[in-house]
Amino acid sequence: MRRLKLTTLFILTFLAGQSQTKNFLDQPYLEVAGNADTLLTPNEIYIKIIITEKDTRDRISVEDQELKMYNALKSLGIDVEKNLTTSDMSSNFKFYLLRSKDVMKSKQYILRVSDAVTVSKVFIELENLGISNTSIERVDHSDLESIRNLLRSKAVENARTRAIALTEPLKQTVGPAIHIADNEVYSNSNQLRGRLDEVVVVAYGIKKNSGAELPKIEFEKIKVASNINVKFMLK
């Protein structure tokens, strides 16, 4: 008896859901797309730095190079304790067994800075120390999610504006929204890596060869967009 009641309840629930779906489809509605976008200058730049003993001719140890790097970064006003992370020390035993009598030690770091000018200064300082294995790991923006939410709101407003423009000639009015779909669009910040590397190299050449003041460099802006589909009831 209890099983029969549960089965009956399930059928009624299913039919109610079907009825709601049918009612939704039977209602006159208008579907529009709203969008909003903006351009952001990255304020979080992550630099990958690899120190190995073979980076210098006189085979300065990784530990000594690390200390020199810390001091150089601090001289640029960088909070090393907060913005520099490192991975474990590794030894290239394969290289040791095949080619050399010495174990080649290396260490990898990720340094976070806030602008392109500082990136250029870091590259120059590290190059002067003989640390040339550096690259841009990725770029980001600290308020990216908040900006995305703001764009979502603007996209919904844009959708309603479009809906009103479409219905006014028909002498109809836009009712409440009955369905909203967020079509998230993610920007690929890593696509800027190659261009930035070129800019940094150019800046380094100017500084080293002519002694000129380091030029102010800006990143290519990241495009952030929001696309929303909204169904409005028509009255």
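How many helices and strands are there in the protein chain? There are 7 helices and 8 strands, where helices (H or I, at least four residues) and strands (E, at least two) are DSSP runs numbered from the N terminus.

This is a predicted model, in which local features need pLDDT of at least 70, side-chain atom pairs count only at pLDDT 80 or more, and totals for chains, interfaces and linings use all residues. Residues are numbered from 1 along each chain as its sequence is written, and side-chain values use heavy atoms, with hydrogens and water left out.

**View 1. The protein chain as a whole.** Of the 235 residues in the protein chain, 32% are buried (under 20% relative accessible area; exposed is over 50%, partly exposed in between; 1.4 Å probe, protein chains only). Among the contacts (heavy atoms within 4.5 Å) with a separation of 6 or more, 82% are between residues 24 or more positions apart.

View 2. Strand 1 and strand 8 (residues 222–234) run antiparallel and are joined by 12 bridges. Within this pairing, Val-32 is opposite Val-230 in strand 8.

**View 3. Strand 2 and strand 6.** In strand 2 (residues 44–52), 8 of the 9 residues are buried, so the strand is mostly covered. Strand 2 pairs with strand 6 (residues 134–140) in the antiparallel sense over 6 bridges. Ile-45 stands opposite Val-139 in strand 6.

**View 4. Arg-138 and Tyr-46.** Arg-138 lies over the face of Tyr-46, 3.9 Å from the ring centre. A charge sits over a ring if NZ of Lys or CZ of Arg is within 6 Å of the ring centre and within 35 degrees of the ring normal.

**View 5. Lys-107 and Glu-66.** Lys-107 is in strand 5 (residues 104–113). With a relative accessible area of 16%, Lys-107 is buried. The side chains of Lys-107 and Glu-66 are joined by a polar contact of 2.9 Å (a pair of N or O atoms within 3.5 Å; within protein, one must be able to donate a hydrogen and the other to accept it, and residues adjacent in sequence count only if both atoms are side-chain atoms).

Notes:
Pairing = 2+ DSSP bridges.
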